[in-house]
Amino acid sequence: MRANAATGGVTGFATQNGGTTGGAGGATVTASTGTAIHAALCNRASSSTPIIIQVSGTINHGNTAKVSGDSCNTAAGVIELKDISNVTIIGTGSGAVFDQLGIHIRNSSNIIIQNVTVRNVKKSGSPTSNGGDAIGMESTVRNVWVDHVTLEASGGEDEGYDGLFDMKDDVKYVTLSYSILRNSGRGGLIGSSESDTGNNYITFHHNAYSNIDSRTPLLRGGIAHIYNNSYTNLAESGINSRAGGRARVDSNYFKDSTDVLGTFYTTEAGFWQVSGNIFDNVTWSAASGDHRPAGPDVTSNTTVSIPYAYTLDGASCVPNVVAQTAGANKGLQVSNGTCVPTSPTGGPVTPPPTTGGPVTPPPTTGGPVTPPPAGTNLSLAGGADGSSKAGGTSYGNVKDGDPATYWSPSGTTGSISVKWPSATSVSRITIREASGATGLIGAYRVLNGDTGAVLKTGSGAGAITFSATSAKKITFEIISASGTPRVAEFETYAS
């Protein structure tokens, strides 16, 4: 079955931070071996030259060698997407199977993987590949869309397998959609330890999880949006939000499973917001110190704002629509919001909302009254610093996209800055005050942090516009306040 990349069809958090386009606009090449995939990457003009690689046949250790070049950084025995950007890998023809050979994404951005099967990747035994992960991401990865793939193992850790879909060491803006994950001890993790909590903004939707022991996913820190997935035969635990993780869990169907949501195997709690889920023959075990199931009376213990538009299928039809659409070689069909599969049209499928659920609810934490502006929030890809901060707060909280966290100065005045490694054009900022601190900010100045030039003066938080300025740093200086300010978000925009 031939499949074409659904250009523009990306969904979820992969639409943020400038979006995910993969190799759109670049050359299209074909490959039937792992070596040919590596050669296609290495033959580009640069490591960021867009490319679409259409893959068919079986990719394995025997046909996957390292290829060298200025535009690539590959390794034998794994499909290595390392130190590169702007790549699409899509299965075509009668199918593409990565047999006992994983896909490793490292220090890379703007990657699309569609319509492929990855199976039986081992971390022990023979042969081994990719640390035992079917698809693994690590070390500063941004904007990845994995769609209509089948990820499967033939057992758990005792049989030599690890995770099917793992993210660690600074991975952000990822969507896994319309995919099958099955027959594995571990579905996948977001964060490799309780201290690896910098991974964030991950969406899982319309995926089919079956015959998995745990980690569907395991979330350490960060935010995950988990909606319209079908879960069957989860043996030990399911969605494991821990170490401050916050999961929004909407209209999923859980069947014949155990402890499908909660904080497990740690005393460091995680949180969840739930709506519209169906629990069909789900068993809940008793709570203990390091084992805190969300059920049997499943209720929300946090709120999670979602910045993108989405349409929910009603949970009752999720098993059926996911069975028809999820996985490789299904024609890249998607849901149209009424539980009816439809073929991609080359653009995002965003039909009007149905009774299945809300579309883009307004933020419910942080208390901002300024509506979300159009355009990309440039702060999300930058850093932050400032004057002395109050205890328990962080500069980075103003650019993490989470209105529940904030920075405060050590007194009632101070400055906070957003910065980038290279000059960035900014003509608009939005200052959002945290819940309970709305209206405290009085007089302010907006400064070019490179030169100290004053771009705007005024009073109060909210949206602030000024003449377009190219700078590596933009500073918001609080000159007066009626209490200790709490800046939840310092958003920056090009126009």
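**Exercise 1. The buried side of helix 1**

Task: Which residues of helix 1 are buried, and what covers them?

Solution. 
- Step 1. Helix 1 spans residues 34-42. Its buried residues are Gly-34, Ile-37, His-38, Ala-40, Leu-41 and Cys-42.
- Step 2. Look at the spacing. An α-helix has 3.6 residues a turn, so residues three or four places apart point the same way. Gly-34, Ile-37 and Leu-41 are among the buried residues to check against that rule.
- Step 3. Find the cover. It includes strand 1 (27-31), strand 2 (51-59), strand 3 (79-82) and strand 4 (85-99).

**Exercise 2. Disulfides**

Task: How many disulfides does a search of the whole structure find?

Solution. 
- Step 1. The search returns 2 disulfides. A disulfide is a covalent bond between the sulfur atoms of two cysteines.
- Step 2. One joins Cys-42 to Cys-72, with an S to S distance of 1.9 Å.
- Step 3. Place its ends. Cys-42 sits in helix 1 and Cys-72 in the loop between strand 2 and strand 3, so the pair ties together parts 30 residues apart in sequence.
- Step 4. Check burial with the cut-off of under 20% relative accessible area. Cys-42 counts as buried because its relative accessibility is 9%. Cys-72 is buried too, at 13%.
- Step 5. Cys-317 and Cys-339 form a disulfide with sulfur atoms 1.6 Å apart.
- Step 6. Cys-317 lies in the loop between strand 26 (291-293) and helix 2 (318-325), and Cys-339 in the loop between strand 27 (334-335) and strand 28 (341-342), so the pair ties together parts 22 residues apart in sequence. Cys-317 is buried, with a relative accessible area of 15%.
- Step 7. Count bonded cysteines along the chain. The pattern is 1-2, 3-4.

**Exercise 3. Nonpolar cores**

Task: Which residues have the most contacts inside the largest nonpolar core? Pick Phe-165 and list what Phe-165 touches.

Solution. 
- Step 1. The largest nonpolar core holds 65 residues. Phe-98, Met-137, Phe-165 and Phe-204 have the most contacts inside it.
- Step 2. Leave out residues up to four places away in sequence. Phe-165 then touches Ile-135, Met-137, Val-146, Leu-151, Val-174, Leu-176, Leu-181, Gly-187, Gly-188, Leu-189 and Phe-204.
- Step 3. A second, separate core has 21 residues, including Tyr-395, Ile-416, Trp-420 and Ile-431.

**Exercise 4. Confidence**

Task: Where does pLDDT stay under 50?

Solution. 
- Step 1. Start with the average. The chain averages a pLDDT of 90, and 92% of the residues score at least 70.
- Step 2. pLDDT stays under 50 over residues 1-8, where the model has 26 contacts beyond four places in sequence.
- Step 3. Residues 346-371 also stay under 50, with 62 such contacts.
- Step 4. Where pLDDT is low, the predicted coordinates should not be read in detail.

Conventions
Residues are numbered from 1 along each chain as its sequence is written. This is a predicted model: local features need pLDDT of at least 70, side-chain atom pairs count only at pLDDT 80 or more; totals for chains, interfaces and linings use all residues. Side-chain values use heavy atoms; hydrogens and water are left out. Buried means under 20% relative accessible area, exposed over 50%, partly exposed in between (1.4 Å probe, protein chains only). Helices (H or I, at least four residues) and strands (E, at least two) are DSSP runs, numbered from the N terminus. Contact means heavy atoms within 4.5 Å. A nonpolar core is a set of buried Ala, Val, Leu, Ile, Met, Phe, Trp, Tyr and Cys residues joined through side-chain atoms within 4.5 Å. A disulfide is a pair of cysteine sulfur atoms within 2.5 Å. pLDDT is the predictor's confidence in each residue, from 0 to 100.
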